[in-house]
Every structure is written in structure tokens, then in C-alpha cells.
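Dear colleague,

I am handing over the structure below, and after it I describe what was found in it. Please keep it open while you read.

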Amino acid sequence: MFGVAQRQGRGLLILTAVAALALSACGGGSQTPAPSDTPVGSTASLPAATSSSTGNGSPVLAGAANALASLTSYKFRMTQAGTDSVNRVADLTGNASSSNGSVTFNGTVILKPDKAAEVTTTGLHIISVGGFDYMDVGNAGFAKMAADSPGASPSPGASPSPASISDPFTPAQVFSDIRMSGYSNVGSEPKNGVPSDHYHAGASALAELGQVAGVRGATWSADIWIANDGGYPVSIAIVATAKDGTIPYETTFDLTNINDAANKVTAPENVVGA
């Protein structure tokens, strides 16, 4: 009995850390201290996408978030690095390097007909379906809770909610937080098997990334690939590299299995208290 309670407590502790990381993914939290030659300040939200068509702004890029939301389903792999919240989750899951605090998530997102998502990283497994979040707490099974109550005690009889703790770990949230100005189309090429246009950030966009993210003294790169058919983001790679080769900031994701009928997310059977 004690072992079960201990695993449940660890699961809820992880869920609390996930909630903190959710705020970070949406732009809250603070940067993890980087090496002394790469000062890191407080993190702010990356500027939101803009539909401006002036200068290097691209209405194609600005419309990509809506295009992503119009998909039926997809699978993704996403890496985030450089925040205290990421490090806290990494400490609990054991899935990170102490030098860059990176965490890589894999998952499936269902948008139609009903929203659902499954997100995993080492030691962490969340399933969001039917208005509930299910948190893997080890051999005890999955703790069930209303999707709008991260960190709450398991409540098998709670009413379902459309909000989900898995939302901030999906590409849709990440992409909506990135300004789409200052990128130039550098050509067409396949990405993840999808014919795409490749957009590369110019000097002004890179400088803004460094300023807004609070990372100084690092070399930034930012690339986005937009599907030729559908206009959704297929891949993103935004990385800051310090002089010593460490990564004080990173946001990447890759989409695959776009609108694949085989994409499924189902509620677990071994639910605690069910």
C-alpha cells in the first residue's frame, strides 16, 4: 500500500512540475543560468505571430497556426531547452543533461472530430481524451483528473473539461508564440516527407529572439518549413548556441503522419480508483 501511495505521490509531483513547464512553454518562467560568457536573463514570451506583410513579414507564416489547427491529426517530436521549469521536470524524469536542461517530447495530437492528445518523455506519460487527463503514476496505473485541474488529486467521477494539461506540449502552442516577421523564403524542399517552403530568419529576427528570450552572447539560428499544400508548419528549429557549444535555448518540433487515419489516442484501462 505504501508503495502505491508513494508512486501516486511522485506522479502528482511530476504533474505539478508539468503545470509549471506548461507556463514556461507559454512564455513564463526564467532562463536557466548558462556559462559565464553567455549571460541569461529573465525569459519573456516570444513575440506572438503577426500577419504583417511589410518588410520581411510573411502572411503565409502568420496563417500557419490556423492551418495547423485545421488538420485532423498528426504525430510530433518536440525538444525544449533553457528554462528552470524544464530542469525541474528533467530532475524528476531523468531525461535531461544538466548542461542544457533539454527535454524531448513525443506525441500524437487528434484535432477532429474530438480533441485528444498523448504526450510522453522519459518517465512522463500523459493522455488527454474525453475531457480528462490521465497521468501515469507507475505500477499503480494512471491517475485520472479533470483536464482543467493540473496537480489536483485523482477524481474519477469529476466532470470532463475541454482544457488539457497536454496543450502546452503540442506544436500548436509553441508555434503560436513565435513572431513570424523577419523570415525570408529560401526555397522549396521536402521536409519530413512533405513538400515545403523553407523560411530562414534574418539578422533582425535573430536579434529579437536573443533580446526577448534573455539570452546574450550566443549564436542564434531559426528555420521554419511550411507545407506547400495546406500551409501548416512541418518543422521548426530555433536554437541558441553558446561560445562553449552548450545550448542555453532551444525550441524544435517535427510533424509526421499528417492526417493519418491510424493516429489514435485512447483512455488507459488501468485507472487508479476506477
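P113 sits in the loop that connects β2 (103-110) with β3 (116-121), where helices (H or I, at least four residues) and strands (E, at least two) are DSSP runs numbered from the N terminus. The peptide bond leading from K112 to P113 is cis, its omega being near 5 degrees. Most peptide bonds are trans, and most residues other than glycine have a negative phi.

Please note that this is a predicted model, in which local features need pLDDT of at least 70 and side-chain atom pairs count only at pLDDT 80 or more, while totals for chains, interfaces and linings use all residues. Residues are numbered from 1 along each chain as its sequence is written, and side-chain values use heavy atoms, with hydrogens and water left out.

The protein chain has an average pLDDT (the predictor's confidence in each residue, from 0 to 100) of 73, and 65% of the residues score at least 70. Among its elements, the lowest mean pLDDT, 41, belongs to helix α1 (residues 2-25), and the highest, 95, to strand β8 (residues 194-201).

Two asparagines in the segment after β11 (249-256) also deserve a look. N257 has a positive phi, near 50 degrees, and is partly exposed (between buried, under 20% relative accessible area, and exposed, over 50%, with a 1.4 Å probe and protein chains only), its relative accessible area being 33%. N259, which is not a glycine either, has a positive phi of about 55 degrees and is partly exposed at 40%.

With best wishes
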